[in-house]
Amino acid sequence: AAAQGDLLRLTDNGRESGLVPIREPLREAWNSLSDVREGQAELRGPPCPFPLLNRALGGWIPGRLTVIGSWTNEGKSWLAAQIANHAGVPTAIFTPEMTKEQYALRLLALRTNRAPSDLEVPRWAEGAVKDDDWHVVREAREGLERTPIYLCDRGLPDILWIRAHLQALKSRKPKLAIAILDYAQLASDRRFPHRDRRLVVGSI
């Protein structure tokens with residue numbers, strides 16, 4: 001019985017049980033709604049960088065999965081980068097579509113109001129960043145380095161692998177609040193070897 005209890009506590013990430021009386025989550029949800037109604041709080045999680053999204057979502061609420069979908073080249077990755085840049089909380093980003101260095105430059109470009117292509121090596125050689133702008137880019141880089149953003153560029157990541165790494169990061173950074181997968185189409189789940197998109201996204 002003791003060993004079984006230890007196993008339950010381990011698989012439940014340290015909590016005594018996954019089952020709690022309804023009064024506890026109900027009280028927390030009710031308090032959040034009351035705060036919003038009385039004007040004491042507008043968001044229930046880290047803010048989105050766009051007011052319309054904040055009003056629609058109430059911020060990035062812990063435990064909620066938000067799927068951003070659109071056709072190719074319509075700004076999904078740009079939106080994800082904006083979210084990370086403005087979150088102000090520890091954020092993990094999985095970018096199987098590009099390298100960590102490419103994504104870091106994308107975040108830097110957003111902070112300097114430039115196109116990501118402006119900060120690529122060939123454009124630098126062509127003088128895309130003038131001497132007068134150099135200090136702006138450098139200061140933005142220094143600020144970005146202090147931002148609690150964590151990048152991983154593993155190709156075709158497995159959902160269970162992502163979960164394990166998020167749990168490991170959470171143990172080191174308890175305030176980890178947002179995880180971004182850019183994008184889900186490249187993710188897999190060993191439990192569904194045929195990679196049915198509905199099952200893989202649902203497993204997140």
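**Aromatic pairs, sheet, helix and core**

Trp78 is partly exposed, with a relative accessible area of 41%. This is a predicted model.

**Aromatic pairs**

- A search of the whole structure finds two aromatic pairs.
- One of them joins Phe50 and Trp78 in a tilted arrangement, with 6.0 Å from centre to centre and 35 degrees between the planes.
- Phe50 belongs to the loop between α2 (23–37) and α3 (51–57), whereas Trp78 belongs to helix α4, so this pair ties together parts that are 28 residues apart in sequence.
- Phe94 and Trp161 make an edge-to-face pair, with 6.4 Å from centre to centre and 75 degrees between the planes.
- This pair links distant parts of the chain, since Phe94 is in strand β1 and Trp161 is in helix α8 (residues 159–172), 67 residues apart.
- Phe94 has a relative accessible area of 6%, under the 20% limit, and is therefore buried.
- Trp161, at 18%, is also under that limit and therefore counts as buried.

**The sheet**

- Three strands form an open sheet in the order β2-β1-β3, and their pairing is parallel.
- β2 and β3 (178–181) stand at the edges with a single partner strand each, so one side of each has no neighbour in the sheet.
- On average, neighbouring strands of this sheet are turned by 15 degrees against each other, direction ignored.
- The parallel strands β1 and β2 are joined by four bridges.
- Thr91 stands opposite Ile149, a residue of β2.

**Helix α5**

- Helix α5 lies across β1 and β2, and runs at about 145 degrees to β2.
- The buried residues of α5 are Tyr103, Arg106, Leu107, Leu108, Ala109 and Leu110.
- The elements that cover these buried residues include α4 (76–87), β1 (91–94), α7 (131–145) and β2 (149–152).
- Just after α5, Asn113 has a positive phi of about 55 degrees.

**Nonpolar cores**

- In soluble globular proteins, nonpolar side chains tend to be buried together.
- The largest nonpolar core has 22 residues, of which Ala84, Ile93, Tyr103, Leu107, Leu108, Ile149 and Ile180 touch the most other members.
- α4, α5, α7 and β3 each supply at least two residues of this core, and α4 gives the most, with six residues.
- Which residues does Tyr103 touch, not counting residues up to four places away in sequence? Tyr103 touches Ser77, Ala80, Ala81, Ile93, Thr95, Met98, Leu151 and Asp182.
- Another core, of eight residues, lies apart from the largest one, and among its members are Ala92, Phe94, Trp161 and Ile162.

Note on methods:
Residues are numbered from 1 along each chain as its sequence is written. This is a predicted model: local features need pLDDT of at least 70, side-chain atom pairs count only at pLDDT 80 or more; totals for chains, interfaces and linings use all residues. Side-chain values use heavy atoms; hydrogens and water are left out. Buried means under 20% relative accessible area, exposed over 50%, partly exposed in between (1.4 Å probe, protein chains only). Contact means heavy atoms within 4.5 Å. Two strands pair if DSSP finds at least two bridges between them. Axes are lines fitted to C-alpha atoms, for helices over the stretch in contact, and angles run from 0 to 180 degrees between N-to-C directions. A nonpolar core is a set of buried Ala, Val, Leu, Ile, Met, Phe, Trp, Tyr and Cys residues joined through side-chain atoms within 4.5 Å. Rings of Phe, Tyr and Trp (its six-membered ring) pair if their centres lie within 6.5 Å; planes under 30 degrees apart count as stacked, over 60 as edge-to-face and the rest as tilted.
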